[in-house]
Amino acid sequence: MVEEKPTLKLAPHVLNVMGEGAFTYLARAKELQRQGMSIVSFGIGQPDFDTPIHIKEAAAKALEEGFTGYTETQGILEARQAIAEYLNERYEAGVDPSEILITPGAKGAIFLALATYLKPGDEVIVPEPSYPAYPEAAKILGAKPVFVPIEWQGASKGFRINVDWIKEKVSEKTRMLILNNPHNPTGAMFSPREVEDLLDFARERGIVLLADEIYDNFVYEGEFRSVLRDPAWRDTVAYVNGLSKTFAMTGWRLGYLVLRREAAKVAANLAVNIYSCTTSFAQKAIPAAFKGPWEPVREMVETFRKRRDLIHSLLNEIPGFEAWKPLGAFYIFPRIKGLLEELNMSSRDFALTLLEKYGVVVLPGTAFPDKAGEGFLRFSYASSFDDIREGAARIKRAVEEMLAEKKR
Ligand SMILES: Cc1ncc(COP(=O)(O)O)c(C=O)c1O
């Protein structure tokens, strides 16, 4: 909470907008590292791979050729065509380039989607734990996030969206429902049935379904159902995706938003007044990325699958850790509720102790962004096999020491 100074009056509705836990822990870890501490990070969610060379070359060529001016707000046509072709081939979505906006990161797409549909006082249903940008963007716009817990079914079954719980929280003010699939921070992938139920429900009630599928290339088992497979997606869906994760391009700031044409035009009017356009020469890398070769992406995802298996088994060897094996994204979200009760600690105290005393960055479940994550920790396993082994060993030692201390 930012304290309001009498001389500088801040907009009251933004005073309770939170920063993002992942970035806060990243900054603290960097500080400790500067002081000489050895740090193993499972903190921020970004691939530890470099952007594939053919993608970098496309942007470098654009720069060399002087492609450095403004572009159309919606994004250059060749990039929107490449995205449309990809979505249509993969999901038979029938997307037209006029329905796409290229945005500064998927986060830019999330904000624009919310700004296009929400008015002050509207409610947004956020299944929680959740990536924090949805509720915080809603708050910036004067709308209200309404959290509905994601159901934990134990370490063998994992997480599921309970549609009945969502229905209970819907009111006349509900304007939007968030579906992030595969899911950050749990690593869940919701079943085709869950996705269809949410689409039907949103359509019936005239609610916008904001679908964020940024992890759609990080699927390890099971069937992934994109909302764009629904032939009537235009009635209901605001679709967010981006290049950050799939092509290891987090710093490039390239995302995209897909909306029915009339809504896309309105979103472009908002965008032009906020950022004019997404970086011109970065956009030139988009056709190269989707054209491929896709081999580097496949190799990265295969590596992540092996890391998932490793971290899942190592975490389950730590006393008090119950880790479900995630199906997608690159996060694992073990439950440590019993352990925390024994130690009389919150998830946040535990994560801070791991960082300050043992040099391991993990995020408390409550960074996502509220109560449902209490009793859980989030690990991003986009780190090397050695780091996974070293990090798990340090955590095991930490837990043993904390339990021994408690008994003394
Ligand atoms: C679910 C989800 N959506 C969107 C984003 C933001 O992506 P970008 O870096 O492209 O803004 C992230 C990043 O962690 C994410 O986890």
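Modeller: Happy to, and please keep in mind that this is a predicted model.

Colleague: Is tyrosine 25 buried or exposed?

Modeller: The cut-off for calling a residue buried is under 20% relative accessible area. Tyrosine 25 has a relative accessibility of 10%, so it counts as buried.

Colleague: Which residues does tyrosine 25 touch, leaving out those up to four places away in sequence?

Modeller: Contact here means heavy atoms within 4.5 Å. With residues up to four places away in sequence set aside, the list for tyrosine 25 is Arg348, Ala351, Leu352, Leu355, Val361, Val362, Leu363 and Pro364.

Colleague: What is the separation between the C-alpha atoms of tyrosine 25 and valine 362?

Modeller: Along the chain, tyrosine 25 and valine 362 are 337 residues apart.

Colleague: Now for S7. Which strands pair with S7 in the parallel sense?

Modeller: Strand S3 (residues 123–128) pairs with S7 over three bridges, and glutamate 123 has threonine 174 as its bridge partner in S7. S7 also pairs over five bridges with S8, residues 208–212; there leucine 179 stands opposite alanine 211 and asparagine 180 stands opposite aspartate 212. The parallel partners of S7 include S3 and S8.

Colleague: How many residues of S7 are buried?

Modeller: S7 runs over residues 174–180 and is mostly covered. Of its seven residues, the number buried is six.

Colleague: And why is S8 largely enclosed by the rest of the structure?

Modeller: In a regular strand, side chains alternate between the two faces of the sheet. In S8, Val208, Leu210 and Asp212 are on one side, Leu209 and Ala211 are on the other, and both faces are covered. S8 is largely enclosed because the buried count is five of five residues.

Colleague: Zooming out, how compact is the chain for its length?

Modeller: The chain has 14 helices and 14 strands. Its radius of gyration is 21 Å, close to the 22 Å that the globule rule gives for 408 residues, so the chain is as compact as a globular protein of that length.

Colleague: One last thing: how far apart are the mean positions of the positive and negative charges?

Modeller: The chain exposes about 17700 Å², with carbon and sulfur atoms supplying 51% of it. As for charges, there are 51 positive and 55 negative ones, and the distance between their mean positions is 3 Å.

Terms used: Residues numbered from 1 in each chain as written. Predicted model: local features only at pLDDT ≥ 70, side-chain atom pairs only at ≥ 80, totals over all residues. Heavy atoms only, no water. Helix = DSSP H or I, 4+ residues; strand = E, 2+ residues; numbered from the N terminus. Rg over C-alpha atoms; globule rule 2.2 N^0.38 Å. Areas by Shrake-Rupley, 256 points an atom, 1.4 Å probe, with all protein chains shown as cover. Lys, Arg positive; Asp, Glu negative; His and termini not counted. Charge placed at Lys NZ, Arg CZ, Asp CG, Glu CD. Buried < 20%, exposed > 50% of the residue type's maximum accessible area, 1.4 Å probe, protein only. Pairing = 2+ DSSP bridges.
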